[in-house]
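Hi,

Here is the structure I promised to pass on. Have a look at it first, and my notes follow below.

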Amino acid sequence: MPKVALTTLGCKVNQFETETMEGLFKQKGYEIVPFEEKADFYVINTCSVTSLGDRKSRQIIRRAKRQNEQAIIAVCGCYAQVHPEEIKTIEGVRVVLGTKERSRIVEYVEQAAREDGILDEVGNIMEARDFEDIPLYDMPQRTRAFLKIEDGCQNFCSYCIIPYARGPVKSRHLDKIYAEAKKLVEAGFKEIVLTGIHLGAYGRDLPEDVNLADACREVLKVEGLKRLRLGSLESIELSPELFELIRQDERFCAHLHLPLQAGSDAVLKDMNRHYDTAEFARLIEHVEREVPGVAVSTDIIVGFPGETEEQFQQGLDFVAKMNFSRMHVFPYSRRSGTPAAERKDQIPEPVKKERVHRMQALAASKSEEFHKMFIGKTMRVLFETNTEEITDGLTDNYIRVYTDDEVVCGELYEVRLERLYKDGAFAKVVEKVK
(Lines give C-alpha, C1' and ligand atoms only; values in the text may rest on other atoms or scores of the structure.)
Protein backbone atom coordinates (compact mmCIF):
# COMPACT_ATOMS: atom_id res chain seq x y z
CA MET A 1 0.00 0.00 0.00
CA PRO A 2 1.63 3.31 -1.06
CA LYS A 3 2.18 5.87 1.70
CA VAL A 4 1.27 9.55 1.41
CA ALA A 5 2.01 12.40 3.82
CA LEU A 6 0.19 15.73 3.70
CA THR A 7 0.89 19.02 5.45
CA THR A 8 -0.75 22.44 5.58
CA LEU A 9 0.52 25.99 5.88
CA GLY A 10 -1.68 28.98 6.48
CA CYS A 11 -5.37 29.44 7.16
CA LYS A 12 -8.30 27.28 8.20
CA VAL A 13 -9.45 27.14 4.57
CA ASN A 14 -6.15 25.50 3.64
CA GLN A 15 -6.55 23.08 6.54
CA PHE A 16 -10.00 22.08 5.31
CA GLU A 17 -8.72 21.60 1.75
CA THR A 18 -5.90 19.35 2.96
CA GLU A 19 -8.44 17.22 4.81
CA THR A 20 -10.50 16.78 1.63
CA MET A 21 -7.38 15.71 -0.30
CA GLU A 22 -6.44 13.29 2.48
CA GLY A 23 -9.89 11.74 2.10
CA LEU A 24 -9.35 11.31 -1.64
CA PHE A 25 -6.12 9.38 -1.02
CA LYS A 26 -7.75 7.18 1.62
CA GLN A 27 -10.61 6.42 -0.75
CA LYS A 28 -8.06 5.12 -3.26
CA GLY A 29 -6.41 2.86 -0.69
CA TYR A 30 -3.35 4.95 0.23
CA GLU A 31 -1.93 4.81 3.73
CA ILE A 32 -1.76 8.24 5.38
CA VAL A 33 1.39 8.74 7.46
CA PRO A 34 2.72 11.70 9.49
CA PHE A 35 4.66 14.20 7.41
CA GLU A 36 7.82 13.52 9.42
CA GLU A 37 7.87 9.91 8.22
CA LYS A 38 9.22 8.45 4.99
CA ALA A 39 6.47 8.38 2.36
CA ASP A 40 6.10 7.59 -1.33
CA PHE A 41 4.19 10.81 -1.95
CA TYR A 42 4.27 14.18 -0.18
CA VAL A 43 1.52 16.78 -0.66
CA ILE A 44 2.30 20.29 0.57
CA ASN A 45 -0.60 22.77 0.71
CA THR A 46 1.12 26.15 0.71
CA CYS A 47 0.35 29.67 1.91
CA SER A 48 1.37 32.96 0.31
CA VAL A 49 -0.29 35.58 2.50
CA THR A 50 3.17 36.70 3.72
CA SER A 51 6.76 36.27 2.57
CA LEU A 52 7.24 34.07 5.65
CA GLY A 53 4.60 31.70 4.26
CA ASP A 54 6.53 31.44 0.99
CA ARG A 55 9.78 30.75 2.83
CA LYS A 56 8.25 28.08 5.07
CA SER A 57 6.72 26.42 2.01
CA ARG A 58 10.14 26.16 0.35
CA GLN A 59 11.69 24.79 3.54
CA ILE A 60 9.05 22.07 3.87
CA ILE A 61 9.47 21.04 0.21
CA ARG A 62 13.20 20.58 0.78
CA ARG A 63 12.55 18.66 4.02
CA ALA A 64 10.31 16.22 2.14
CA LYS A 65 13.05 15.68 -0.42
CA ARG A 66 15.54 14.86 2.35
CA GLN A 67 13.13 12.37 3.92
CA ASN A 68 12.84 10.37 0.70
CA GLU A 69 14.96 11.18 -2.34
CA GLN A 70 12.67 9.07 -4.55
CA ALA A 71 9.35 10.50 -3.36
CA ILE A 72 6.87 12.27 -5.63
CA ILE A 73 6.40 15.76 -4.18
CA ALA A 74 3.21 17.64 -5.06
CA VAL A 75 2.86 21.32 -4.18
CA CYS A 76 -0.53 23.06 -4.23
CA GLY A 77 -2.23 26.07 -2.68
CA CYS A 78 -1.74 29.83 -2.87
CA TYR A 79 2.06 29.94 -3.21
CA ALA A 80 1.88 27.37 -6.01
CA GLN A 81 -0.83 29.39 -7.75
CA VAL A 82 1.04 32.68 -7.60
CA HIS A 83 4.63 31.49 -8.18
CA PRO A 84 4.56 28.13 -10.01
CA GLU A 85 7.80 28.79 -11.89
CA GLU A 86 9.61 29.48 -8.63
CA ILE A 87 8.38 26.21 -7.15
CA LYS A 88 9.41 24.21 -10.21
CA THR A 89 13.03 25.20 -9.62
CA ILE A 90 13.06 23.41 -6.24
CA GLU A 91 14.63 19.97 -6.48
CA GLY A 92 12.21 17.10 -5.98
CA VAL A 93 8.98 18.84 -7.02
CA ARG A 94 7.07 16.70 -9.52
CA VAL A 95 3.54 18.15 -9.40
CA VAL A 96 2.55 21.82 -9.18
CA LEU A 97 -1.14 22.44 -8.59
CA GLY A 98 -2.65 25.80 -7.67
CA THR A 99 -5.95 26.52 -5.94
CA LYS A 100 -8.23 24.52 -8.20
CA GLU A 101 -8.33 20.96 -9.61
CA ARG A 102 -7.43 19.55 -6.19
CA SER A 103 -10.15 16.96 -6.72
CA ARG A 104 -7.70 15.34 -9.17
CA ILE A 105 -4.70 15.29 -6.82
CA VAL A 106 -4.49 11.47 -6.73
CA GLU A 107 -4.66 11.28 -10.51
CA TYR A 108 -1.87 13.84 -10.87
CA VAL A 109 0.58 12.20 -8.44
CA GLU A 110 -0.01 8.83 -10.06
CA GLN A 111 0.63 10.34 -13.48
CA ALA A 112 3.85 11.92 -12.17
CA ALA A 113 4.97 8.52 -10.85
CA ARG A 114 4.60 7.05 -14.35
CA GLU A 115 6.21 9.88 -16.28
CA ASP A 116 9.38 11.96 -16.16
CA GLY A 117 9.52 15.71 -15.62
CA ILE A 118 7.27 18.13 -13.75
CA LEU A 119 3.50 18.08 -14.12
CA ASP A 120 2.34 21.72 -14.12
CA GLU A 121 -1.43 21.96 -13.64
CA VAL A 122 -1.66 25.61 -12.55
CA GLY A 123 -4.41 27.30 -14.56
CA ASN A 124 -5.75 30.85 -14.79
CA ILE A 125 -7.58 31.20 -11.48
CA MET A 126 -9.28 34.41 -12.66
CA GLU A 127 -11.32 32.31 -15.08
CA ALA A 128 -12.59 29.98 -12.34
CA ARG A 129 -16.29 30.51 -11.68
CA ASP A 130 -17.49 27.39 -9.86
CA PHE A 131 -16.89 26.29 -6.27
CA GLU A 132 -14.72 23.15 -6.26
CA ASP A 133 -17.01 20.90 -4.26
CA ILE A 134 -14.95 18.03 -2.84
CA PRO A 135 -16.92 15.99 -0.28
CA LEU A 136 -15.26 14.94 2.96
CA TYR A 137 -14.57 11.23 2.45
CA ASP A 138 -12.98 10.94 5.88
CA MET A 139 -13.63 12.79 9.09
CA PRO A 140 -10.99 15.26 10.35
CA GLN A 141 -9.12 14.26 13.49
CA ARG A 142 -10.19 17.28 15.51
CA THR A 143 -12.90 18.31 17.95
CA ARG A 144 -14.27 21.19 15.89
CA ALA A 145 -15.05 20.69 12.22
CA PHE A 146 -14.30 23.35 9.61
CA LEU A 147 -16.70 23.52 6.69
CA LYS A 148 -15.62 25.54 3.66
CA ILE A 149 -18.57 27.20 1.93
CA GLU A 150 -16.85 29.90 -0.16
CA ASP A 151 -13.64 30.52 -2.09
CA GLY A 152 -12.13 33.56 -3.78
CA CYS A 153 -12.03 37.30 -3.09
CA GLN A 154 -12.64 40.41 -5.16
CA ASN A 155 -11.76 43.09 -2.61
CA PHE A 156 -8.22 43.68 -3.92
CA CYS A 157 -6.83 45.31 -0.80
CA SER A 158 -3.61 46.97 -1.94
CA TYR A 159 -1.37 44.77 0.24
CA CYS A 160 -2.99 41.39 -0.43
CA ILE A 161 -1.99 38.67 -2.91
CA ILE A 162 -4.95 36.39 -2.12
CA PRO A 163 -7.35 37.64 -4.87
CA TYR A 164 -4.64 36.73 -7.40
CA ALA A 165 -4.17 33.33 -5.77
CA ARG A 166 -7.84 32.44 -5.28
CA GLY A 167 -9.68 34.27 -8.06
CA PRO A 168 -13.25 35.60 -7.89
CA VAL A 169 -15.91 34.64 -5.35
CA LYS A 170 -17.23 31.08 -5.71
CA SER A 171 -19.95 29.79 -3.37
CA ARG A 172 -21.03 26.29 -2.37
CA HIS A 173 -24.69 25.45 -3.00
CA LEU A 174 -26.97 25.31 0.05
CA ASP A 175 -27.93 21.67 -0.40
CA LYS A 176 -24.25 20.65 -0.42
CA ILE A 177 -23.61 22.71 2.72
CA TYR A 178 -26.46 20.98 4.54
CA ALA A 179 -25.32 17.52 3.41
CA GLU A 180 -21.73 18.07 4.60
CA ALA A 181 -22.86 19.59 7.91
CA LYS A 182 -25.18 16.62 8.52
CA LYS A 183 -22.33 14.20 7.80
CA LEU A 184 -20.07 16.00 10.27
CA VAL A 185 -22.66 15.99 13.06
CA GLU A 186 -23.45 12.32 12.46
CA ALA A 187 -19.71 11.64 12.80
CA GLY A 188 -19.83 13.12 16.31
CA PHE A 189 -18.75 16.74 15.85
CA LYS A 190 -20.45 19.15 18.23
CA GLU A 191 -19.23 22.38 16.62
CA ILE A 192 -18.97 23.44 12.97
CA VAL A 193 -16.97 26.48 11.88
CA LEU A 194 -17.96 27.98 8.52
CA THR A 195 -14.91 29.15 6.59
CA GLY A 196 -14.14 30.91 3.34
CA ILE A 197 -11.62 33.27 1.80
CA HIS A 198 -14.22 36.07 1.71
CA LEU A 199 -16.93 34.50 3.83
CA GLY A 200 -19.21 37.54 3.93
CA ALA A 201 -19.47 37.47 0.13
CA TYR A 202 -21.10 34.04 0.21
CA GLY A 203 -23.89 33.73 -2.39
CA ARG A 204 -23.02 36.76 -4.52
CA ASP A 205 -22.12 34.54 -7.48
CA LEU A 206 -25.08 32.15 -7.21
CA PRO A 207 -28.19 32.56 -9.37
CA GLU A 208 -30.36 32.11 -6.26
CA ASP A 209 -30.85 35.13 -4.00
CA VAL A 210 -28.93 33.73 -1.01
CA ASN A 211 -26.41 35.07 1.49
CA LEU A 212 -24.36 34.00 4.50
CA ALA A 213 -27.39 34.04 6.80
CA ASP A 214 -29.06 31.48 4.51
CA ALA A 215 -25.99 29.24 4.71
CA CYS A 216 -26.05 29.49 8.50
CA ARG A 217 -29.73 28.57 8.59
CA GLU A 218 -29.00 25.43 6.55
CA VAL A 219 -26.38 24.27 9.05
CA LEU A 220 -28.61 25.10 12.02
CA LYS A 221 -31.26 22.78 10.56
CA VAL A 222 -29.00 19.82 11.30
CA GLU A 223 -30.33 17.88 14.27
CA GLY A 224 -27.71 17.25 16.95
CA LEU A 225 -25.54 20.29 16.19
CA LYS A 226 -24.45 22.01 19.42
CA ARG A 227 -22.52 24.98 18.04
CA LEU A 228 -22.09 27.04 14.89
CA ARG A 229 -19.19 29.46 14.60
CA LEU A 230 -18.19 31.82 11.79
CA GLY A 231 -14.70 32.36 10.41
CA SER A 232 -13.33 35.79 9.54
CA LEU A 233 -15.82 38.39 8.25
CA GLU A 234 -15.61 41.94 6.97
CA SER A 235 -17.38 44.23 9.44
CA ILE A 236 -19.35 46.02 6.73
CA GLU A 237 -20.85 42.69 5.65
CA LEU A 238 -22.66 42.04 8.93
CA SER A 239 -26.37 41.87 8.19
CA PRO A 240 -29.48 42.26 10.37
CA GLU A 241 -30.31 38.64 9.46
CA LEU A 242 -27.06 37.42 11.02
CA PHE A 243 -27.68 39.40 14.20
CA GLU A 244 -31.16 37.93 14.40
CA LEU A 245 -29.79 34.39 14.09
CA ILE A 246 -27.14 34.94 16.77
CA ARG A 247 -29.76 36.39 19.14
CA GLN A 248 -32.40 33.74 18.47
CA ASP A 249 -30.33 30.54 18.39
CA GLU A 250 -28.16 29.78 21.42
CA ARG A 251 -26.09 27.39 19.27
CA PHE A 252 -24.75 30.35 17.26
CA CYS A 253 -21.48 31.31 18.95
CA ALA A 254 -21.18 34.87 20.22
CA HIS A 255 -17.82 35.40 18.58
CA LEU A 256 -17.02 37.43 15.47
CA HIS A 257 -13.60 37.90 13.88
CA LEU A 258 -13.70 41.29 12.15
CA PRO A 259 -10.36 42.42 10.67
CA LEU A 260 -9.68 46.12 11.30
CA GLN A 261 -6.17 46.10 9.70
CA ALA A 262 -5.40 49.73 10.67
CA GLY A 263 -6.69 52.33 13.10
CA SER A 264 -5.82 55.31 10.90
CA ASP A 265 -8.23 56.53 8.22
CA ALA A 266 -5.37 57.56 5.95
CA VAL A 267 -3.78 54.11 6.15
CA LEU A 268 -7.15 52.38 5.63
CA LYS A 269 -7.65 54.41 2.47
CA ASP A 270 -4.17 53.49 1.21
CA MET A 271 -4.95 49.85 1.95
CA ASN A 272 -8.12 50.09 -0.17
CA ARG A 273 -10.25 49.04 2.78
CA HIS A 274 -13.90 50.00 2.31
CA TYR A 275 -14.65 51.71 5.63
CA ASP A 276 -13.15 54.28 8.00
CA THR A 277 -12.56 54.07 11.74
CA ALA A 278 -15.80 55.87 12.63
CA GLU A 279 -17.84 53.38 10.59
CA PHE A 280 -15.98 50.43 12.09
CA ALA A 281 -16.55 51.75 15.62
CA ARG A 282 -20.29 52.19 14.96
CA LEU A 283 -20.52 48.62 13.67
CA ILE A 284 -18.76 47.21 16.74
CA GLU A 285 -21.00 49.26 19.03
CA HIS A 286 -24.00 47.81 17.20
CA VAL A 287 -22.63 44.26 17.56
CA GLU A 288 -22.10 44.69 21.30
CA ARG A 289 -25.58 46.13 21.75
CA GLU A 290 -27.25 43.37 19.71
CA VAL A 291 -25.26 40.46 21.17
CA PRO A 292 -24.40 40.96 24.88
CA GLY A 293 -21.15 39.26 25.90
CA VAL A 294 -19.98 38.95 22.30
CA ALA A 295 -16.27 38.55 21.64
CA VAL A 296 -14.87 40.56 18.76
CA SER A 297 -11.38 39.60 17.66
CA THR A 298 -9.45 41.36 14.93
CA ASP A 299 -6.33 41.58 12.73
CA ILE A 300 -3.94 44.53 12.65
CA ILE A 301 -1.22 45.17 10.06
CA VAL A 302 1.64 47.33 11.33
CA GLY A 303 4.16 49.19 9.18
CA PHE A 304 2.15 49.59 5.99
CA PRO A 305 4.07 51.65 3.39
CA GLY A 306 3.95 55.33 4.24
CA GLU A 307 2.58 54.78 7.77
CA THR A 308 3.88 57.69 9.83
CA GLU A 309 4.52 57.58 13.57
CA GLU A 310 1.49 59.84 14.00
CA GLN A 311 -0.71 57.45 12.02
CA PHE A 312 0.58 54.48 13.99
CA GLN A 313 -0.21 56.35 17.23
CA GLN A 314 -3.72 57.01 15.88
CA GLY A 315 -4.02 53.27 15.45
CA LEU A 316 -2.93 52.61 19.03
CA ASP A 317 -5.37 55.21 20.34
CA PHE A 318 -8.26 53.76 18.31
CA VAL A 319 -7.58 50.18 19.37
CA ALA A 320 -7.33 51.26 23.02
CA LYS A 321 -10.96 52.45 22.83
CA MET A 322 -12.25 49.19 21.34
CA ASN A 323 -13.26 46.10 23.35
CA PHE A 324 -11.32 43.56 21.31
CA SER A 325 -11.12 40.13 22.93
CA ARG A 326 -8.08 39.14 20.88
CA MET A 327 -5.81 40.86 18.36
CA HIS A 328 -3.59 39.22 15.78
CA VAL A 329 -0.79 41.67 14.99
CA PHE A 330 1.27 41.29 11.81
CA PRO A 331 4.11 43.34 10.32
CA TYR A 332 3.34 44.40 6.76
CA SER A 333 4.72 41.83 4.32
CA ARG A 334 5.68 43.03 0.85
CA ARG A 335 3.94 40.85 -1.78
CA SER A 336 5.21 41.13 -5.33
CA GLY A 337 2.38 41.92 -7.74
CA THR A 338 0.36 44.05 -5.31
CA PRO A 339 0.10 47.87 -5.50
CA ALA A 340 1.56 48.35 -2.01
CA ALA A 341 4.73 46.44 -2.96
CA GLU A 342 5.52 49.04 -5.64
CA ARG A 343 5.51 51.96 -3.25
CA LYS A 344 8.81 53.66 -2.56
CA ASP A 345 7.96 54.60 1.05
CA GLN A 346 8.44 51.13 2.58
CA ILE A 347 8.89 51.16 6.36
CA PRO A 348 12.30 49.90 7.58
CA GLU A 349 12.17 46.48 9.25
CA PRO A 350 13.49 47.72 12.65
CA VAL A 351 10.69 50.32 12.76
CA LYS A 352 8.07 47.71 11.88
CA LYS A 353 9.42 45.37 14.54
CA GLU A 354 9.31 48.05 17.23
CA ARG A 355 5.75 49.03 16.29
CA VAL A 356 4.64 45.39 16.33
CA HIS A 357 5.92 45.06 19.90
CA ARG A 358 3.99 48.14 20.99
CA MET A 359 0.76 46.98 19.35
CA GLN A 360 1.19 43.47 20.78
CA ALA A 361 1.61 44.91 24.28
CA LEU A 362 -1.69 46.75 23.85
CA ALA A 363 -3.28 43.58 22.46
CA ALA A 364 -2.26 41.60 25.55
CA SER A 365 -3.73 44.29 27.80
CA LYS A 366 -7.04 44.36 25.87
CA SER A 367 -7.31 40.57 25.97
CA GLU A 368 -6.78 40.51 29.73
CA GLU A 369 -9.46 43.18 30.17
CA PHE A 370 -11.92 41.08 28.20
CA HIS A 371 -11.16 37.85 30.05
CA LYS A 372 -11.52 39.51 33.47
CA MET A 373 -15.13 40.40 32.63
CA PHE A 374 -16.06 36.69 32.74
CA ILE A 375 -14.20 35.53 35.85
CA GLY A 376 -16.75 34.08 38.30
CA LYS A 377 -19.28 33.34 35.56
CA THR A 378 -20.56 29.94 34.47
CA MET A 379 -20.12 29.20 30.78
CA ARG A 380 -20.27 26.31 28.34
CA VAL A 381 -16.97 24.89 27.10
CA LEU A 382 -16.24 22.41 24.33
CA PHE A 383 -13.05 20.67 25.46
CA GLU A 384 -10.49 19.90 22.76
CA THR A 385 -7.03 18.79 23.89
CA ASN A 386 -5.45 17.10 26.89
CA THR A 387 -1.81 17.53 27.94
CA GLU A 388 -0.07 16.98 31.29
CA GLU A 389 -3.33 16.45 33.19
CA ILE A 390 -4.71 19.79 31.95
CA THR A 391 -7.54 19.80 29.41
CA ASP A 392 -8.43 22.91 27.44
CA GLY A 393 -11.26 24.07 25.21
CA LEU A 394 -13.28 27.10 24.17
CA THR A 395 -16.35 28.95 25.36
CA ASP A 396 -18.78 30.06 22.68
CA ASN A 397 -17.23 33.55 22.84
CA TYR A 398 -13.76 32.10 22.27
CA ILE A 399 -12.22 32.23 25.73
CA ARG A 400 -9.61 29.50 26.06
CA VAL A 401 -10.46 27.55 29.23
CA TYR A 402 -8.26 25.10 31.16
CA THR A 403 -9.23 22.57 33.82
CA ASP A 404 -7.66 19.74 35.81
CA ASP A 405 -11.07 18.11 36.35
CA GLU A 406 -11.83 14.90 34.50
CA VAL A 407 -13.56 15.72 31.20
CA VAL A 408 -13.94 14.08 27.79
CA CYS A 409 -12.52 15.87 24.75
CA GLY A 410 -15.21 16.58 22.20
CA GLU A 411 -17.91 17.06 24.83
CA LEU A 412 -19.62 20.18 26.19
CA TYR A 413 -19.52 21.09 29.90
CA GLU A 414 -20.85 23.87 32.09
CA VAL A 415 -17.85 25.33 33.92
CA ARG A 416 -17.20 28.16 36.36
CA LEU A 417 -14.32 30.46 35.38
CA GLU A 418 -12.22 30.94 38.52
CA ARG A 419 -9.10 32.89 37.58
CA LEU A 420 -6.99 34.10 34.70
CA TYR A 421 -4.65 31.39 33.43
CA LYS A 422 -2.15 31.43 30.53
CA ASP A 423 -4.01 32.97 27.57
CA GLY A 424 -7.46 32.42 29.04
CA ALA A 425 -9.04 31.20 32.27
CA PHE A 426 -8.82 28.26 34.68
CA ALA A 427 -12.17 26.66 35.47
CA LYS A 428 -13.89 24.07 37.63
CA VAL A 429 -16.46 21.83 35.96
CA VAL A 430 -20.08 22.19 37.09
CA GLU A 431 -21.75 19.52 34.93
CA LYS A 432 -21.73 17.87 31.53
CA VAL A 433 -24.16 19.28 28.96
CA LYS A 434 -26.60 16.60 27.79
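A word on terms before the strands: two strands pair if DSSP finds at least two bridges between them, and strands are DSSP runs (E, at least two residues), numbered from the N terminus. This is a predicted model, in which local features need pLDDT of at least 70 and side-chain atom pairs count only at pLDDT 80 or more, while totals for chains, interfaces and linings use all residues. Residues are numbered from 1 along each chain as its sequence is written, and side-chain values use heavy atoms, with hydrogens and water left out.

**The sheet with β12**

An open sheet of three strands runs in the order β11-β12-β13, with parallel pairing. β11 (255–257) and β13 (324–331) are at the edges with a single partner strand each, so one side of each has no neighbour in the sheet. β11 is joined to β12 (residues 295–302) by three bridges, and L256 stands opposite V296 in β12.

**Around β7**

β7 pairs with β9 (residues 191–196) in the parallel sense over six bridges, with G196 as the bridge partner of E150. With β8 (residues 170–171), β7 pairs in the antiparallel sense over two bridges; here D151 has K170 as its bridge partner.

Happy browsing!

Terms used. Helix = DSSP H or I, 4+ residues; strand = E, 2+ residues; numbered from the N terminus.
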